[in-house]
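Thanks for taking a look with me.

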Amino acid sequence: MQSFIVEHYLQKKIDIYCGGPDRFFGVVEACADGVLTIKDNDKYTHIAIDKIIAIWSDEKK
């Protein structure tokens, strides 16, 4: 999944669902060593890739 995220979502705004109430939003800043880093409102969130259930783009077309 790491290479998929880098190829399709790097520097794009996304929504991430990890189950239950765990949902995250932000721009993909990096994805390495099994960790996805997103940025929203000048705050960084680091998410373990193996915990991600779904990702979708929040970009307007």
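1. Let's begin with T37. This residue has a relative accessible area of 12%, so it counts as buried, the limit for that label being under 20%. Please keep in mind that the model is a predicted one.

2. Where does T37 lie? Its place is in strand 3, which covers residues 35–40.

3. Which residues does T37 touch, once those up to four places away in sequence are set aside? One group of partners is V27, V28, E29 and A30, and the list also includes Y44, T45 and H46.

4. Now for the charged pairs. The count of salt bridges comes to 2. One of them joins the side chains of R23 and D15, with a distance of 3.5 Å from N to O.

5. Are the two partners in that pair buried or exposed? D15 is buried, because its relative accessibility is 6%. R23 has a relative accessibility of 42% and therefore counts as partly exposed.

6. K39 and D42 also form a salt bridge, and their closest N and O atoms are 3.8 Å apart.

7. How accessible are K39 and D42? K39 counts as partly exposed, at 27% relative accessibility. D42 has a relative accessible area of 66%, so this residue is exposed; the label applies over 50%.

Definitions and conventions:
Residues are numbered from 1 along each chain as its sequence is written. This is a predicted model: local features need pLDDT of at least 70, side-chain atom pairs count only at pLDDT 80 or more; totals for chains, interfaces and linings use all residues. Side-chain values use heavy atoms; hydrogens and water are left out. A salt bridge is a side-chain nitrogen of Lys or Arg within 4 Å of a carboxyl oxygen of Asp or Glu. Buried means under 20% relative accessible area, exposed over 50%, partly exposed in between (1.4 Å probe, protein chains only). Helices (H or I, at least four residues) and strands (E, at least two) are DSSP runs, numbered from the N terminus. Contact means heavy atoms within 4.5 Å.
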